[in-house]
Amino acid sequence: MAERISFSAVINGQKVGPMDLPHDLMMVELLQEYLNLTGTRLSCGQGVCSACTIIVDDAEKGSYTVPACVTGVAWLNGKSVRTIEGIAGRDEQGGPVPSPIQRAFLEHFSFQCSYCTPGFVNGATVLVERLQRQPIASDQVEAAILEALDRHICRCTGYVRYYQAVRDVILSTPGLTTDGPQFDMVARQEVTQ
Amino acid sequence: MPHLDISRRRFLAAAAALGITAAVRPLGQAQAAMMPSVVGQDPGWFSGGRLRYRRDGMAKVTGSKVFSIDIRACDLDGWPQTQSHGLTLHVPRADRVYLGLDLSVLEPDLMPDVLIDAARVAADKVAMPEASFYGDFFLAEGQVPPMMGQPVALGIWHDYERFRAARKKLQFRTEIFRFGDHADQPARAPYGAARYVRVGGDDPRGRDRFSSMQDTVIWPDLTTDGVQWPGPEHPAFGDAMRHADEIRDVMENPPEGWRVFSGQFSSQSVDPAAMEMENGLGWYDDGKLHVVGATQSPYSAAHHIMDMVSDSNFSLDDLDFVTGYTVGYGQKEHQPFPYYVALAALYGQGRPVRLMLDRWQHFQFALKRHPFSIRTAFAVDSEGHFQIMTCDAIGDGGGVMNFSPSVGTVAVTAAQSIYYLPKSDLSVEVHPSTGVTSGSMRGYGTLQTMATTEMLVDEIATEMNIDPVDLRRRNVIKSGMKNTQGAVPSGHLRAAEILDLVAADPLWTDRAERKRRFEQENPGKRFGVGFAAVQKDFGTGAEAAVVQLEVTPEGRLQMRHVAAEIGAGATTSQMLVAEPFLGRPVDEVEFSVQDWPQMPLHTQDEPYTTSQEDEDRLALDPTWVPRFTSPRSASNSAYYFTHATQQAAQMLLRIGLWPAALSIWGEGASGGQMRPEPVSIDDAQWRDGRLVARSMEPLTLERLAARAHRDGHITGVCVHTFNRWAWAEADFDIDGQKIRAPIDALSVRWGQGASASRKASMTDGGYAFIPRSKAFYPPVQRNNAGTVYYAPCASLIELAVSTGSGKVEVLQHKTWLECGTQIVPELVSGQMQGGLAMGIGHALYEELPTGAEGPGNGTWNYSRYHLPRASEVGVWTQTGHVLPALSDDDPPKGMAEVVMIPIAGACINAIAHATGHRFYQMPVTAERIKEVL
């Protein structure tokens, strides 16, 4: 039998492990077959389509994405991970409170079958979090979205409504662009004073 | 062709005959441990009188379990907590005798706990249902594989870790299959062939001299020697063949002034690439079989599973078939995979078994789009008017027949695109091969024929020095003109209106100047603008639906519907359809309903083959219908399901709420407020959620519902509809009223105050079936129409071609669509954008070889099969324009397929404009462009 490892990680804020797992187990297998977190969708199994994109939170590098179908649990051992099940908040009744990206995808009718949606949510979430750290000019937003999400394959939608939704979030969220809403706010404050 | 569209009633009748308790139900009812936001539990999708997002949106965007592939045994009520795992083994070649498996690579510790092969299922008398349609389960030792990718065995492992380790060892390891000598394939008959000949009269709207609709389609004999086209003396088809021969003679020897243009095109094999792979979960225990399946045709799957097990040595007392959300673009319609899931369950030794293809296997075994070789020709007079069209399409159906015969006929009857042809001769043959089976992928053959017609029309325009849009305007089919089958399309045809818009669009009118400027500013790139326009049918010619709609005493609208969700948004749109008739969308709904005790009907489900005489006799029975329900396919929800929903809503208003309104307006002395100003149902309108009529007091739905229930008026209706390129109608006597409506069966429910006798009559699921007094079914001859419902669409694209690499860069594109009334414009535009991407993929990128290097060899995945990315579809620069509806009642049209087609032809026409070279082979890849530059 295959070599084994003791695996521990933080997944969606919850400590998981230690678990005795095959050393070559892929993260998507852990999520789906051991933890019953099936929102991370397997499609190509070779890291091409990005349907299985999950988020790794690194204290130094910030958040970034990896394809769970070709990222082994050995590599993620000890790390902090977010999956689609951990993106939305919860209200007092336990109902979902969608994140800004999720809400924008809903309101833009961005997805159809939705198999690729968790990957898009995570990819766009990491883009937004990067822009929080490193805002860009508004006229660079479309190129930045394309650069960040072009690796995500969708067979239903033609991408347009996903991209428009992400653009709306970035352009309307203070602090994500260098010439966006927060500068308007500063300007308004200056006028008021 | 087997009976494929199985109704619930037929399914249950068959179950009863076999002594089996059977059910087909949607996933939600079967799940226990669900995520909090399952579909239907989130009320936020519609609020404040406004659609905010898809009804299933919250569940989908939060990654809830909605797909079949998400389900594990522990998610389901009453199932064991864990499952075993199955793996199908597929041979990678079809040119040698198969001698058996060698699994020694697994060594004893990883050997499957169960191994099923042809010998074992034969011993247990388990056979693939309708094997000529779906293929055999497994290839027997000593046989030549009928196709690459044919399964030879199925292994089951009872624990996941041994399963995954074994799978890893077996993947890509071709030496596990033992082969003998080279062997030729045995001769097989073609899957299908047909020929549609039309010789129009002098008036395009008048009587034809000959046509399929008026006379006959040619159906040749199919033998192992090929298609046996009948001769001119054939008793049934001789006339048709003589007309065909005359047409071909004219094409060979055209009159003076005419020119004949022809092109030999090829369209490639494509994978629909449903992101959710083939999968399912099954559990067989003590005579009860549970299956969770991913299929667009659940009733057929369940029915066949029941037959399959009943004919075997396994006992079957109970079948529970659960359907999750799925996605397929036709890839999961009438596919064989659900039967492998059931098979795995039978051999699971009492444990649930999960069976899923990985992406390599999905490429290796899941249904494909048919490749076609297409020879098309037009005879054109000196004024640029098309006089004759001929088309000979030869399709490759792959290893198993599946839907090849009907894909072929739909393909060739669409070849005319948007043009009126005075004469036409269109033939099709679909042959078997050793490739992976082709099925009913989005477009159903029409992408292949219409895109190539549009490429030839573009070439004709160039050759005749006529503006390509103008050439199309000269020949576009107009309202009332006949199609190539001799049928008159439904309603006003608006392709000409689209052409007028394109002709005036700056992207078209300024193309020469834009090309000059772009190429001056971008050395090394060539600029091209291409255009194509098509119209696509929707529906199958035998569309049936059932809808139940009722109002509670509190005024809440509750609906039950046959519609299932495959991503296109039908479950959202159908809820909104009731609003014009009932003042607001439906409040509560149950979709994918398969249990219809309210509609006690029966059917042979032979709508295409029943004779007129038989149908006339059968229709005298008010409980008979030609078909009970249709699968979710053929872009059928927007038009056909909407009609059923509208009829239910309209009927509830007419025979339930309107009498309640009259009761309120007429109460009091001397006939109340209505006495001085009588009103009729024609005066009824909804304003701000209240029913109004002339000057009557506006009434809320709550007040109407309360009155209807108090007085025992009708408060619920259940309607059945049927369309054979026209709506079936029927007469009913209800509460003393004689009503004719475009439905063929009706049940009603009276409100709480109804008399005891009426309540006693509500014995069918709480409803009373109202026998129709007379039915008016569209004549069976309309089966020959091919289609009469069209949605037109045109695309104009601007692209650049790199002279060095041949790479194509989409700069921008515009698409015009006419789809009647848009129920949810956001869903329409989403379908359009998705279709455009799929069409660009077909034109420029996607291709599967059909020979030994094809996907049946198990080495294909997205790393080498290029699906278009956002950067390749003009994600920021595309625009879509939907023509306004002709009237408030202009019905919505199925448009999910048509939007994919013109962009494919437009891309290739644009490349011709850019490079000066005509391409006849799709896709036009960078490598192929580079070869000619």
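Over how many bridges do strand 24 of chain B and strand 25 of chain B pair? The structure examined here is a predicted model, in which local features need pLDDT of at least 70, side-chain atom pairs count only at pLDDT 80 or more, and totals for chains, interfaces and linings use all residues. Residues are numbered from 1 along each chain as its sequence is written, while chains are lettered from A and ligands numbered from 1 in the order in which they are written.

Strand 24 and strand 25 (residues 690-693) of chain B are joined over 4 bridges in the antiparallel sense; strands count as paired if DSSP finds at least two bridges between them. Across this pairing, Trp686(B) faces Leu691(B) of strand 25 of chain B. The two strands belong to an open, antiparallel sheet of 3 strands in chain B, ordered 24-25-26. Strand 24 (684-687) and strand 26 (699-700) of chain B each have a single partner strand, so one side of each has no neighbour in the sheet. Helices (H or I, at least four residues) and strands (E, at least two) are DSSP runs, numbered from the N terminus.

Helix 21 (residues 637-665) and helix 22 (residues 701-711) of chain B pack with their axes 8 Å apart, at an angle of about 90°. Axes here are lines fitted to C-alpha atoms, for helices over the stretch in contact, and angles run from 0 to 180 degrees between N-to-C directions. Helix 21 and helix 22 of chain B are therefore roughly perpendicular, a label for angles of 65 to 115 degrees (under 35 is roughly parallel, over 145 roughly antiparallel, and the rest oblique). Residues of helix 21 of chain B, including Gly656(B) and Leu657(B), meet residues of helix 22 of chain B, among them Leu704(B) and Arg707(B). This contact of helix 21 with helix 22 of chain B has 6 nonpolar, 2 polar and 2 charged residues. Ala, Val, Leu, Ile, Met, Phe, Trp, Tyr, Cys and Pro count as nonpolar, Asp, Glu, Lys and Arg as charged, and the others, Gly among them, as polar.

Turning to the two chains together, 49 residues of chain A are in contact with 48 residues of chain B, where contact means C-beta atoms, placed from the backbone, within 7 Å. On the side of chain A that touches chain B, helix 3 of chain A gives the most, with 4 residues. That side of chain A divides into 27 nonpolar, 14 polar and 8 charged residues.
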